[in-house]
Amino acid sequence: MLMQLIGKGRHLGYEHVLDEFWVDAQRAGVELPQAMPVSAAAFTKARRKLKAETLRSLVLAAAGAFERELGVHHRFHGRRVFAIDGTWISTQRTWALLEEFDKSSKGHVPQLMATVLYDVVAKIPIDAEITKFSSNERTHAIALIEKHVKPGDIVLLDRGFPSRELIARLRELKIDFVVRVSTKSTFNCVGAFVNSRRLEGVVDLSPDNTGFNVRIVRRQAIRGKKLDPFVLLTSLSAAQFAGKSLFDLYRKRWEIELFFRLQKGSYLGHDQFHAKTPDGVHQEVYALFLFMILTRSAMATAAIEHGVPYGR
């Protein structure tokens, strides 16, 4: 019921959604505990008893089931590939939500920060840290990596994430990475590499040249077009992934941006939350994640059974 609710956004109230749910269940031959829909007030009261962590545990269970049953079909060169990024999501305007999540100085409603771990090949969310608007994405990224990502997996990160501490931690965990870096406000060694006009090399990220070496690759300029330098840092060797393969891999990070677009849009996502409490907001975020995993599990199964590409 809660998963059906998330797709309705501000367009329908609880009463209408409940009536529709009962009709759909009857058409599908699903027996419900009572013949008539429960009231909106009863549903609201029942939601208050449901803990958001219960929804989160279902998300983790569904993602785990996808990996066990379908994961082998969703790899890049035999490896799992994850993107991590943060996004701001506006909530209802209540004092409770403002106190919990805060807001932008230019905004008018509370906004949460959702730092999401996303499987870009399977196209499913794995987990998220839902926190204050002003939270540190890197801290939450490390927490998600330590909890869910395994040695041999690959993590894709955008320009807001690179830091010596994060890259060092990924190395300690034996997790490969492809990280885009800014060429303006960046490590000194990256600026020197860009100025050298080389397309590939090794740079020392340590401030005192103590041997914190990382492979660096720059995109070949397109003739006739002026492009800002597009630079990646990676732990993947040239023997494993040539420069072009690295950029093909990094482009898969766009899947998390498509997920954010869907998450915030009126078609399925949080065009506007129903919930006016922090726990209720957490519920609706995780319910959307669960809905995505279940529907894409069905899509992936159908693709295998009928021999068609998953993307279709």
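Colleague: Setting aside neighbours within four places in sequence, which residues is leucine 205 in contact with?
Modeller: Leucine 205 is in contact with Arg164, Ile167, Phe187, Cys189, Phe212, Val214 and Leu233, where contact means heavy atoms within 4.5 Å.

Colleague: And what kind of model is this?
Modeller: This is a predicted model, where local features need pLDDT of at least 70 and side-chain atom pairs count only at pLDDT 80 or more, while totals for chains, interfaces and linings use all residues. Residues are numbered from 1 along each chain as its sequence is written, and side-chain values use heavy atoms, with hydrogens and water left out.

Colleague: OK, the core next. Which residues of the largest nonpolar core touch the most other members?
Modeller: Val116, Val178, Leu205 and Leu233, out of 81 residues in that core. A nonpolar core here is a set of buried Ala, Val, Leu, Ile, Met, Phe, Trp, Tyr and Cys residues joined through side-chain atoms within 4.5 Å. Buried means under 20% relative accessible area, exposed over 50%, and partly exposed in between, using a 1.4 Å probe and protein chains only.

Colleague: Which helix gives the most to this core?
Modeller: Helix H11, residues 278-306, with 11 residues. Helices (H or I, at least four residues) and strands (E, at least two) are DSSP runs, numbered from the N terminus.

Colleague: Switching to charges: how many salt bridges are there?
Modeller: The count is 17, taking a salt bridge as a side-chain nitrogen of Lys or Arg within 4 Å of a carboxyl oxygen of Asp or Glu. One of them joins aspartate 153 to arginine 80, at 2.7 Å from N to O.

Colleague: Is aspartate 153 buried or exposed?
Modeller: Buried, at 6% relative accessible area. Arginine 80 also counts as buried, at 12%.

Colleague: Last one: where are aspartate 248 and lysine 244?
Modeller: They are four residues apart in helix H9 (residues 243-251), so about one helical turn separates them. Aspartate 248 is partly exposed at 28%, and lysine 244 is exposed at 64%.
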